[in-house]
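User: I have a protein model to look through for class. Could you take my questions one at a time?
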Amino acid sequence: VEAVHLIADGKAPRIPQPKEGATYEGIQKKENAEISWDQPAASLHNWIRGHDKMPGAWTTINGQVVTFYGSSLFDASVPAGQELAIKGASRPGLVTKNGLVVFGNDGKMVLVRNLQFEDGKMIPASRYFSADETTTLELTEEEKKMAEDIR
């Protein structure tokens, strides 16, 4: 109660916080979030998850910056998938039905579920090689008439 009265009366002591020992690191910058591939799978996973969602851990694939989201350690046998060369990685990643499997320098694996490209487009990692495929919507005559009526 005494502290509340001191504050209300404007007589509470004001002690500036010392900068020594402060733990605030500031906002992480995108240029500092590049993935270093020469580390064990657990460290890769921690790096990706630690930068998930902002600013996003990234690497270069086919000359394009690709950001990784949603990683988990993958403790199973090496799955079947299509190889994907990743700049700086000692071993290509594998695009599988569950996502992108990447390898640490210890041979263990990390599964990445989502990828985001430089243009902002985000896709499930499992669809990396089919990302450019598009499907067109075919409307029936009745649906075309309904669309026209709505317009």
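User: Where is arginine 151?
Analyst: Arginine 151 lies in the segment after helix H3 (141-150). Helices (H or I, at least four residues) and strands (E, at least two) are DSSP runs, numbered from the N terminus. The model is predicted: local features need pLDDT of at least 70, side-chain atom pairs count only at pLDDT 80 or more, and totals for chains, interfaces and linings use all residues. Residues are numbered from 1 along each chain as its sequence is written, and side-chain values use heavy atoms, with hydrogens and water left out.

User: Is arginine 151 buried or exposed?
Analyst: Arginine 151 counts as exposed, because its relative accessibility is 76%. Buried means under 20% relative accessible area, exposed over 50%, and partly exposed in between (1.4 Å probe, protein chains only).

User: And how far apart are arginine 151 and aspartate 75 in space?
Analyst: They are 53 Å apart, C-alpha to C-alpha, and 76 residues apart in sequence.

User: Let us change topic. What is the pattern along the sequence?
Analyst: The protein reads α-α-β-β-β-β-β-β-β-α. That amounts to three helices and seven strands.

User: What radius of gyration does the protein have?
Analyst: The protein has 24 Å, whereas a compact globule of 151 residues would have a value near 15 Å. The radius is taken over C-alpha atoms, and the globule rule is 2.2 Å times the number of residues to the power 0.38. The C-alpha atoms fill a box of roughly 75 × 60 × 30 Å along the principal axes.

User: How much of the protein is buried?
Analyst: Buried residues make up 31% of the 151 residues.

User: Which residues does histidine 51 touch?
Analyst: Not counting residues up to four places away in sequence, histidine 51 touches Gln28, Ala33, Gly56 and Ala57. Contact means heavy atoms within 4.5 Å. Histidine 51 sits in the loop between helix H2 (41-50) and strand E1 (57-61), and this residue counts as buried because its relative accessible area is 6%.

User: What about lysine 53, where is that?
Analyst: Lysine 53 is in the loop between H2 and E1. With 45% relative accessibility, lysine 53 counts as partly exposed. Leaving aside neighbours within four places in sequence, lysine 53 is in contact with Tyr69 and Met122. Lysine 53 and glycine 120 are 67 residues apart in sequence and 13 Å apart in space, C-alpha to C-alpha.

User: What is the phi of asparagine 62?
Analyst: Asparagine 62 has a positive phi of about 50 degrees, although it is not a glycine. Most residues other than glycine have a negative phi. Asparagine 62 is in the loop between E1 and strand E2 (64-74) and counts as exposed, at 64% relative accessibility.

User: Finally, which domain does UniProt place at residues 29-130?
Analyst: The unreviewed UniProt entry places "domain: Formyl transferase C-terminal" there. UniProt positions are given in the numbering used here, feature names are shortened, and annotations may be inferred rather than shown by experiment. Over residues 29-130 the chain is 10% helix and 39% strand, and the end C-alpha atoms are 31 Å apart.
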